[in-house]
Every structure is written in C-alpha cells, then in structure tokens.
Number of protein chains: 2
Amino acid sequence: MKFTIQRDVFVQNIQHVSKAISSRATMPILSGLKIVAFDDGVTLTGSDSDISIEAFIPAEDGDNQLVDIETPGSIVLQAKYFADIIKKLPEATVEVSVNEQNVTKIISGSSEFNLNGLDPDEFPRLPEVEEGNSFQLKTDLLKALIKQTAFAVSTAETRPILTGIHWGMENGTLYCTATDSHRLAMREAAIENSNTDLEFSNVVIPGKSLSELSKILDDTEETIDVTVTDNQALFKAKNILFFSRLLDGNYPATKNMIPSNSKTTVQVDARKLLAAIERALLLSRDGKNNVVNLKSIGESKLEITSVTPEVGKVTEEVNCDAFEGEELRISFNGKNIIEALRVIESTDVSVQFTGAMSPFIMRPADRDYMLHLFSPVRTY
Amino acid sequence: MKFTIQRDVFVQNIQHVSKAISSRATMPILSGLKIVAFDDGVTLTGSDSDISIEAFIPAEDGDNQLVDIETPGSIVLQAKYFADIIKKLPEATVEVSVNEQNVTKIISGSSEFNLNGLDPDEFPRLPEVEEGNSFQLKTDLLKALIKQTAFAVSTAETRPILTGIHWGMENGTLYCTATDSHRLAMREAAIENSNTDLEFSNVVIPGKSLSELSKILDDTEETIDVTVTDNQALFKAKNILFFSRLLDGNYPATKNMIPSNSKTTVQVDARKLLAAIERALLLSRDGKNNVVNLKSIGESKLEITSVTPEVGKVTEEVNCDAFEGEELRISFNGKNIIEALRVIESTDVSVQFTGAMSPFIMRPADRDYMLHLFSPVRTY
C-alpha cells in the first residue's frame, strides 16, 4: 500500500472514526484504525462493541485531488498514536506506505515515522445491515432529535434499556423518547416522503452512540439514510457509514405515563425560568439532590425557593405570561428542569401540573412536537 | 453594612481574591471571603496559609460610580457560594446588606439571597510587611519573569525549597531562578531607578504564589511595588495587595552548576526544534520518561529520534543555522526542552553542549537575559 494524502482531510476523517475506538478495547486489534487504499480513494474504519464508523476519502473531490494512490492495500495502526502523529506533521501532505512486515512509513517534510502495523485481516468486518426498515431525514433534524432527547437517558447500568433512546415510527411520524424513570423527554418529527406503511417500535439506540453520531455530523440540510434491523441501526451520510448496536429488551410503555388532564397550567418565559432555577440550584446542588421548590403567588407570579440550612436561602420570582387553574406548590429536581429548558428553543414554555405529588409536563408554548415529563420530589 | 455595587466590577474582584481561598481550608473562616465597606469603597480579602489577597473597589472611578455605600461595616461569606451567586445575578447592580445576626441579604432584580455570614472579627489579619527591601517593576515584566521561570520549579515535596523561585538582587539586576534538579531556568532583568545599594538573596517565593499573582495581573506597563521581608513578599498593584509567604531554608547555589566552556555550539530555529521534539515525544511520552535522542549529521543538520519498540520509531531532521565544535550525540528529557522552548520568544536558540553526560545550556540566540540548563539522560 502506498498513497499521498492531504493532511487536513486525513486528520478530520481520523477524528471521525476515532470516536468508535476505545482506548480500553477488549481485543488489541480494536484499539487500531483500519486503513484501506482502493483505486478511487481511502477508507478509514474504527470499531468497538457498540459503534462502527467507516469514513471514505475520495481520490478526487471536484477539482481537488485529495489522495494520490500509488498502490492499493490495507493496514491497521494503533489509533492513539496515529491521530496525534498526523495532526502534528509539518507539511500539508502526508505519504503513507506499508512494507511486507506491516511496518508503516509516514513521511511529511523532514519528519519520518515508522509504525508497527497490525494484520488488517484480523480486523472485524462491519455489521451486515440488509435492507430493512429504511427512511431518510435531514442532518440538522437528526441532530435536533438527538440533542433534545439524549440528555434524559439513564446513566445507571441498573436498567440498561434506559441508557438508550427509543425510536418508533407510526403514520409517517418518528417518535424519539428517553427516560431515566425520574424524567422523560419526547420529540417527534414528520418524516417527509416516507413510505407511510413503514412502522416499527422498540428500536432502542444507545444514547452514547447517538451523541457520538451527532458530534461527527455537520449542521446541514443534507439527507441521511437510516436503516434499522433487529439488532443494528445504520446511518449513511455523505462518505460516512455509522453503525450502532441496538439495546436488547423491552422499552417501557411511556405513552400512558403522560397525564392527560391538568389542574394548573402556567406559561412563562423559558430563559427567565432557566436563570431563576439555575440560581436556586446554587444553594441546593451539594448533597441536597438539587431540590427546588415552586409556588404560585396569585395568578401573576411564581416563587422559586431553595434552602440549605448551613448556607442560606434563595428566593426568585418569575412572572407568569398566563396562569389557569388552582394555586400551586410543588418541589422537584431543578437540574432535570434546567436540562430540558436548555434544549427548548421557544421563547415561552407551558407547564401543566396535576398536583403536588403527580408528574408534570413542560412543552414549548408554540409547538407541540416536544414534551418533557418530570416526577415531583417529596420534601416532607 | 449596606451598599449597592456594579455587578461586573464586583465579580472581577471576587475572582481575584478567590485565588487565595482554598476549598479545603484548615480553619472554616478561611473558606470565607471578607467584605469591608468603608466610606470611600469596599475591600475584599481572601487568605490561605500561603497567599493573602486584598482588592479595593473605590466608590468612584473617575466619573463612574462603582459603589454606593449606605452604611459601612463588614462580613465574611463562604467564598464558594458567593462568587457563583454574584456571577449569575440578573441585573447590572447588586445590593448587599447585613443584619445583626450576620445574615447577609443580596438583592438583584427579582432575585434575593439570604446567606449565613461569619463573624468578620475572626478573620485573620493580613501579614505585617514593614518597609523592608522595596523596588518597582512594570507589570508586563513581572509577568514575563514569572512565566519564564515558574514552569521549572519542582512539583515534588521531597525538597520543598525547590517548589519556590529564588529571587536575588545584585547591582540593580534581579535574578530569578527555578530548578527541579533536572533542569534549571534563569531569567534576569535590570531594575530601573532602583536603589543600587539594594542587595538581597535567598528570597524563595512559592512557584504557585507567583503563578496565581500572574493570573490576576493584566499585561500592562503599570508599575508594581515589591517589598520582601524575612518571611513575606508583598506585591502592591493598583487596588490590589498580594502577600505571599516565603519558603524557609537555603536555596542551592546554582551559579556554579552552569558550565562555562562548550564542546559543541549549535544555533537552530526555535519553532522548528520545538515541533520536531513534540513529534518525537509522541512515541516516548508513555512510560518512556520522555527520552529523546539527538545527534549531529555533519555540521548542517541535527537528527532527533525516539523509539518505543512496541509502537515504532520517529526520525526528525532540523537544519542548523550555525554549528561549531565536535560532533554530538546526546539523550535528554524532551518535555523539559519543550517547556523551555515555549517561553523563549526569540526566533533562534543557541545550545551549548559539553559532552554526552554533561549538562547543556540553551539560550535565546539574540538575548543574554535568559538561560536554561538541562541534565542529559543516560540511555545505555
């Protein structure tokens, strides 16, 4: 194998596939990054037990020659060293060549590295994803779906299924749901031009996989192909294949957790509510379980308080833009509310309460594509 | 005590004095920040066993009213909460008032905090620094002196004296020296308008103190007053007093460590040498003690290599701008060289070697105010 490649393109794609490579890989070969040179370009592949990423660097991109391939071939190099080396090389191009003992020579200007490579035949194959349930969506929408749900997955391994995000498709709408059993985030999106016969549920993608996917995608309107099978999801973007294992098990039925009636509904400015709860949390974050108390003052204001006896007390007032129903007094985990408020892009939020000990709902006031559900906290 | 203060000025000065406040203070009162309101302004004080910082916020700065003092007084508040609270308040001004039980009310817009204060009489007094050895220097020069020496102090507590930077004054020149016994950094500076009779040595200021001082000073040409006594150094800038304890013990005599003769002298581009050693370190940083090998190739080039048998080998070439003397082959800790090269601002460096097992010297090629000394590493 021998090729010369533009260094910046090489670095960017190495960083993409490195997201799938664990420094604590169970098999030594999986701490490596596989490079294959074809006549028409170079593929880079990284893989761990959950995620596999393949990036393709075409020989030519329009008029721009990215790679000059002299001899096709393949090699696996230790990812940890390789990414840093290419990043720090002195020139704009890099020459990579491999000898019969898998020793890989990397030359750029007056710098020469000779790295011990691994046998590329030992590298595991990418998962086989036969054409299953497929649909398309735009990259920026996919990134929004991930951002607005992934924060709510469980980080505890006690119920592994809750570390994933549930995807279900029904009547041309994709429903994405994440919950750690104390709070739930749900976002839906119409899938344009979709085959409306396509229906699936219990597709549970690890939250970590989707977060990594989101990091390597740019915020564009380019289309991504998504295919889900029984145990894999494949995201196919321009020059990138991203495979994720699905989680085994049955995701809890979440639809009937959502209360349909409401005793109190308030509408408030999302940024002001966020800032008030952030300040209230300053006194409750340490060992106090982030408990924040909220009560209505007439129909015009909410009072938000938090007390830590040793330190002091904070009292915040937030004006209501609308208030309907009974007076209100409830306590909750303020950190959960903040994380939801940070992914709501609307100016106002509407919050529906059904009593001090019942879960409550928060939504953007002007959109119904998103819903956040929170358990209250008992404080007496 | 009651005053109203501009929030941004308050935040900036709280951050300054917080640098002296440890979250693991031995005495509870030292985890606090002391606030004193006078008729003409407010002082903030933070202290640990090594450093004390006092910042003064004048009531008026030119035409700009910074503080409106209603009632003078004083209080100590837990620094950890206080800094975050003031930073996150909603309005541009903050009202602070204290009642007889030391409860401190902080109001900004619709936000109100009531914090339990501590008795200000329990807060330790600032060190007394009688007029001792005093001189002046410009802030940007002081920051340069610190940056160019502090990186070389020892981080091991086996020889505490080496965690400090030695300051000595002789013939109107200030000499700053730091060493961890494997490398040494020395920087000197002429002190303008100084009392040339002023001489001192064995003033050893903790490296950490000087690094913290550097962080709160802006890169200006304003003058700083420095006073050193037997056990304290005081740095007096506009509206800031910074006290540091000095280290006890005798600093090693470093002048006679510096070789006066040289067998090989090379001059190279500092940035190119830095980049080449950084790349060589990529393969030697893990458990290989950062060992890098250097040898001369004729009189025109240096070859820099590093080998880690499991991973591979790197070979770098750097052109010599000048070469004089014997051929050269030496090994050293590349990380130490890199840290010195990062604080040398000149284009070229001159390196003087006196043999494979003798310490070698690096200096800026165009200035003689700075010197770096390194022990070689035995590799056989």
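In the predicted model, chain B can be superposed on chain A with an RMSD of 0.0 Å by a turn of 180° and a shift of 0.0 Å along the axis. This is the relation of a two-fold axis. The two copies meet through the same surface, because 100% of the interface residues of chain B are also interface residues in chain A.

The contact between the chains draws 30 residues from chain B and 30 residues from chain A. The size of an interface is often expressed as the accessible area lost when the parts come together. For chain B and chain A, the buried area is about 2,700 Å², and carbon and sulfur atoms give 48% of it. Across this interface, 18 residue pairs are in polar contact, both residues of each pair being at pLDDT 80 or more. On chain B, the side that touches chain A receives at least two residues from each of α2 (79-88), β11 (111-116), α5 (270-282) and β23 (312-325). By class, that side of chain B comprises 11 nonpolar, 7 polar and 12 charged residues.

Charged pairs also occur across the interface, where 2 salt bridges are found between chain B and chain A. One salt bridge is formed by B:K88 and A:E278, whose closest N and O atoms are 3.7 Å apart. This pair counts as a salt bridge because the distance criterion is a side-chain nitrogen of Lys or Arg within 4 Å of a carboxyl oxygen of Asp or Glu.

Strand pairing extends across the chain boundary. Strand β23 of chain A (residues 312-325) is joined to β11(B) by 5 bridges, and the two strands run antiparallel. Within this pairing, A:T315 has B:E112 in β11(B) as its bridge partner.

Pairing within chain A was examined around β19(A). Strand β19 (residues 240-245) is joined by 5 bridges to strand β4 (residues 51-58), both of chain A, in an antiparallel arrangement. In this pairing, A:I51 stands opposite A:S244 of β19(A). Strand β18 of chain A (residues 232-237) also runs antiparallel to β19(A), to which 6 bridges join it. Here A:F235 stands opposite A:F242 of β19(A). β18(A) and β19(A) form a hairpin with 2 residues between them. In the turn of this hairpin, A:N239 has a positive phi of about 65°. In a regular strand, side chains alternate between the two faces of the sheet.

With neighbours within four places in sequence left aside, A:F151 is in contact with A:R183, A:A185, A:E339, A:A340, A:V343 and A:H372. The C-alpha atoms of A:F151 and A:L184 are separated by 9.7 Å, the two residues being 33 residues apart along the chain.

Notes
Residues are numbered from 1 along each chain as its sequence is written. Chains are lettered from A and ligands numbered from 1 in the order in which they are written. This is a predicted model: local features need pLDDT of at least 70, side-chain atom pairs count only at pLDDT 80 or more; totals for chains, interfaces and linings use all residues. Side-chain values use heavy atoms; hydrogens and water are left out. Contact means heavy atoms within 4.5 Å. Buried area is the accessible area (1.4 Å probe) that two parts lose on being put together, summed over both. A polar contact is a pair of N or O atoms within 3.5 Å; within protein, one must be able to donate a hydrogen and the other to accept it, and residues adjacent in sequence count only if both atoms are side-chain atoms. Helices (H or I, at least four residues) and strands (E, at least two) are DSSP runs, numbered from the N terminus. Ala, Val, Leu, Ile, Met, Phe, Trp, Tyr, Cys and Pro count as nonpolar, Asp, Glu, Lys and Arg as charged, and the others, Gly among them, as polar. Two strands pair if DSSP finds at least two bridges between them. Copies are superposed by least squares on the C-alpha atoms of residues with pLDDT of at least 70 in both.
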